[in-house]
Amino acid sequence: MPSYTVTVATGSQWFAGTDDYIYLSLVGSAGCSEKHLLDKPFYNDFERGAVDSYDVTVDEELGEIQLVRIEKRKYWLNDDWYLKYITLKTPHGDYIEFPCYRWITGDVEVVLRDGREMDGVEPWLPLEHRCQMPQGFTP
């Protein structure tokens, strides 16, 4: 089963961290992963200025990763979060960065595209490989 290392960078602004639940799904050219809760036991994840890493194992090969879907769900109180970027280390050792650099507020899903130049490359997945995107999301 393929394994990815996901690195999440939280902003260093005041109140940039969150205690909310953060879920991640990977969208590749050959399929989509299940939703994974990013959480380390007995560790305060997503603190202001933190760079946290998580191992994410998927059931099948996803092909080239093209999108990352982040889902933020309330833990206790509404808690905004400033997500700088996500870096993904593939099973082949390649690194892909998904920039965000914005506040994520409320219970919401955010879809991030990688930061590579898309010159001559189809930026969207073929219809048969698309996962269910958040409501209102149109490619």
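Predicted model: local features only at pLDDT ≥ 70, side-chain atom pairs only at ≥ 80, totals over all residues.
The protein chain contains nine strands and zero helices, and from the N terminus on its elements run β-β-β-β-β-β-β-β-β. Of the 139 residues in the protein chain, 41% are buried, while the accessible surface comes to about 8200 Å², with 48% of that area belonging to carbon and sulfur atoms. Among the contacts with a separation of 6 or more, 69% are between residues 24 or more positions apart.

Three salt bridges are found in the structure. One of them pairs Lys 72 with Asp 20, whose closest N and O atoms are 2.7 Å apart. Because Lys 72 lies in strand β6 (residues 65-73) and Asp 20 in the loop between β1 (3-10) and β2 (21-28), this pair ties together parts that are 52 residues apart in sequence. Both Lys 72 and Asp 20 are buried.

Strand β6 also holds Glu 71, which is 36 residues apart from Lys 35 in the loop between β3 (31-32) and β4 (36-37). Lys 35 has a relative accessible area of 47% and is partly exposed, whereas Glu 71, at 10% relative accessibility, counts as buried.

Glu 71 forms a salt bridge with Arg 73 as well, and here the closest N and O atoms are 2.7 Å apart. Arg 73 counts as partly exposed, at 25% relative accessibility. Through salt bridges that share partners, Lys 35, Glu 71 and Arg 73 are joined into one network.

How values were computed
Residues numbered from 1 in each chain as written. Heavy atoms only, no water. Helix = DSSP H or I, 4+ residues; strand = E, 2+ residues; numbered from the N terminus. Buried < 20%, exposed > 50% of the residue type's maximum accessible area, 1.4 Å probe, protein only. Contact = heavy atoms within 4.5 Å. Areas by Shrake-Rupley, 256 points an atom, 1.4 Å probe, with all protein chains shown as cover. Salt bridge = Lys/Arg side-chain N within 4 Å of Asp/Glu carboxyl O.
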